[in-house]
Amino acid sequence: LSIRRQRQMCIRDRLRACHRPEVRPTLGVRPEIDLLTRTKDGVRLAPAGIVEDLMAGFGRVGLTATEGAAYQLVAGTQTWRFVSRYPEQLLCLEVRRDLLVEEYTALSAMRVREDAVDRIAGPLSEAIGRWMDRRAAAAG
């Protein structure tokens, strides 16, 4: 097997282990929305002002956003490759799946609710629009 395939199988096995009935309750609940913006050293690579805009925007629709509560940007990941290549131009966020689907069933295909996606997309698109306006104004 290739190294990539071995990694995929390892991740799959670890995910399955975490979702065993006796393990899942011990893991705690992840943030509703987690903005993955900082390195382990605390350097923020997200676009200027977007974190604050998102925190406020998600709050207005009754969602709680955190910054780096579950993860930091870690070298070697796909996210790191893009964010470090284009600092202050990309944003990575994680939305807790149970907020997006009709019924959360671990490691299964699920039906996404359109209204739930719209609830996330509204504040996200507004924050991106404000960031683009700020960037255009700074460019002259």
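**Figure 1. The largest pocket of the predicted model.** In this predicted model, the largest pocket holds about 830 Å³ of space. Its lining is made up of 23 residues, and those closest to the centre of the pocket are Leu15, His19, Arg30, Tyr71 and Arg97.

**Figure 2. Elements and residue classes around the largest pocket.** Two elements, helix H1 (3–18) and strand S3 (92–95), each contribute at least two residues to the lining of the largest pocket. The largest share of this lining comes from H1, which provides 4 residues. Sorted by class, the lining of the largest pocket comprises 13 nonpolar, 7 charged and 3 polar residues.

**Figure 3. The second largest pocket.** The space within the second largest pocket amounts to about 250 Å³. A set of 10 residues lines the second largest pocket, and Arg7, Ile11, Gly76, Thr77 and Arg81 are the ones nearest its centre. Two or more lining residues are given to this pocket by H1 and by helix H3 (78–85).

**Figure 4. Helix H1 at the second largest pocket.** H1 gives the most to the lining of the second largest pocket, supplying 6 residues. By class, the residues lining the second largest pocket are 4 charged, 4 polar and 2 nonpolar.

**Figure 5. Helix H1 at both pockets.** Helix H1 spans residues 3–18 and gives at least two residues to the lining of the largest pocket. The contribution of H1 is 4 residues at the largest pocket and 6 residues at the second largest pocket.

Note on methods: Residues are numbered from 1 along each chain as its sequence is written. This is a predicted model: local features need pLDDT of at least 70, side-chain atom pairs count only at pLDDT 80 or more; totals for chains, interfaces and linings use all residues. Side-chain values use heavy atoms; hydrogens and water are left out. On a 1 Å grid over the protein atoms alone, a cavity is a set of points where a 1.4 Å probe fits but cannot get out, and a pocket is an open set with protein on both sides within 12 Å along at least five of seven lines; lining residues have an atom within 4 Å of a point. Grid points are joined across faces, edges and corners, and a volume is the space filled by probe spheres set on the points. Ala, Val, Leu, Ile, Met, Phe, Trp, Tyr, Cys and Pro count as nonpolar, Asp, Glu, Lys and Arg as charged, and the others, Gly among them, as polar.
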